[in-house]
Amino acid sequence: MNTPTTTAQAPAHQGLHHLELCVSDLERSSRWYGSVLGASRVAELDHRRPDGTLFSVVLDVPHLPGRLELRLDPAAARALADNELLTLAVEDRAAVDEWVAHHRGAHLAAFHAAAVGLLEGPPETELLNPCP
C-alpha cells in the first residue's frame, strides 16, 4: 500500500454553519434547549417530509457560532447517548456551580470545572457528564 507523501490543503470555508443532534422527541428537546441554553426556534427553517411530518427543527442558541438543528431519530439518539455531543466552555468552577444551581430542575446532575457536556436534552438522560 502506498502512503501519500503530500497532503492537499482543505478548501477555504467561512466557519461553522450549524450543528445537528439526533433526538427522540423534537418538542421536548426544543423546550429543554430553550429553558437551559436560552435557545429559540427558527420555525421558518423547520424541515418536513413531503407528507408534512416534522422531522427536524432549527434553533438559535446564544453564544454558539452557528445554529443547532435537532433531528428526530430516536435510534441514533439512543446509540449516541453516552457521547458528549455538545460541550460548552465556562470560565471556572464557580461558573459550573452556578449552572448546576440555576438549572437543577433541568436534570443537570454532574459537573466539571472546565466544561459542561450536554447530551440529547430530554430529562430522562443525565445531561451534565463528569469529565476526567
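1. Of the chain's 132 residues, 37% count as buried, meaning under 20% relative accessible area, with exposed being over 50% and partly exposed in between (1.4 Å probe, protein chains only). Keep in mind that this is a predicted model: local features need pLDDT of at least 70, side-chain atom pairs count only at pLDDT 80 or more, and totals for chains, interfaces and linings use all residues. Residues are numbered from 1 along each chain as its sequence is written, and side-chain values use heavy atoms, with hydrogens and water left out.

2. For the overall layout, expect 3 helices and 7 strands. Both are DSSP runs numbered from the N terminus (helices: H or I, at least four residues; strands: E, at least two). Read along the sequence, they come in the pattern β-α-β-β-β-β-α-β-α-β. Take the contacts (heavy atoms within 4.5 Å) with a separation of 6 or more: 53% of them join residues 24 or more positions apart.

3. After the helix comes Gly 38, whose phi is positive, near 75 degrees.

4. Which residues of H1 are buried? They are Leu 26, Ser 29, Ser 30, Trp 32, Tyr 33, Val 36 and Leu 37. These cover an arc of only 160 degrees around the axis, so they sit on the same side of H1; the arc is that of the directions from the helix axis to the C-beta atoms. As background, an α-helix has 3.6 residues a turn, so residues three or four places apart point the same way.

5. The largest nonpolar core has 16 residues, and those with the most contacts inside it are Leu 26, Tyr 33, Leu 37, Leu 59, Val 61, Leu 68 and Leu 70. Such a core is a set of buried Ala, Val, Leu, Ile, Met, Phe, Trp, Tyr and Cys residues joined through side-chain atoms within 4.5 Å. Two or more residues each come from strand S1 (18-23), helix H1 (26-37), strand S4 (54-60) and strand S5 (67-72). H1 gives the most, with 5 residues. Leaving aside residues up to four places away in sequence, Val 61 touches Leu 37, Ala 39 and Leu 68.

6. A search of the whole structure turns up 1 aromatic pair. Trp 32 and Tyr 33 form it, edge-to-face, 4.9 Å centre to centre and with 85 degrees between the planes. For the cut-offs, rings of Phe, Tyr and Trp (its six-membered ring) pair if their centres lie within 6.5 Å; planes under 30 degrees apart are stacked, over 60 edge-to-face and the rest tilted. Trp 32 counts as buried because its relative accessibility is 5%, and Tyr 33 is buried at 0%.

7. Two loop residues deserve a look. Asp 46, in the loop between strand S2 (40-41) and strand S3 (47-48), counts as buried because its relative accessibility is 19%. Its side chain makes a polar contact with the side chain of Arg 41 (2.8 Å); such a contact is a pair of N or O atoms within 3.5 Å, where within protein one must be able to donate a hydrogen and the other to accept it, and residues adjacent in sequence count only if both atoms are side-chain atoms. His 63, in the loop between S4 and S5, counts as exposed because its relative accessibility is 83%. Phi of His 63 is near 75 degrees, a positive value in a residue other than glycine.
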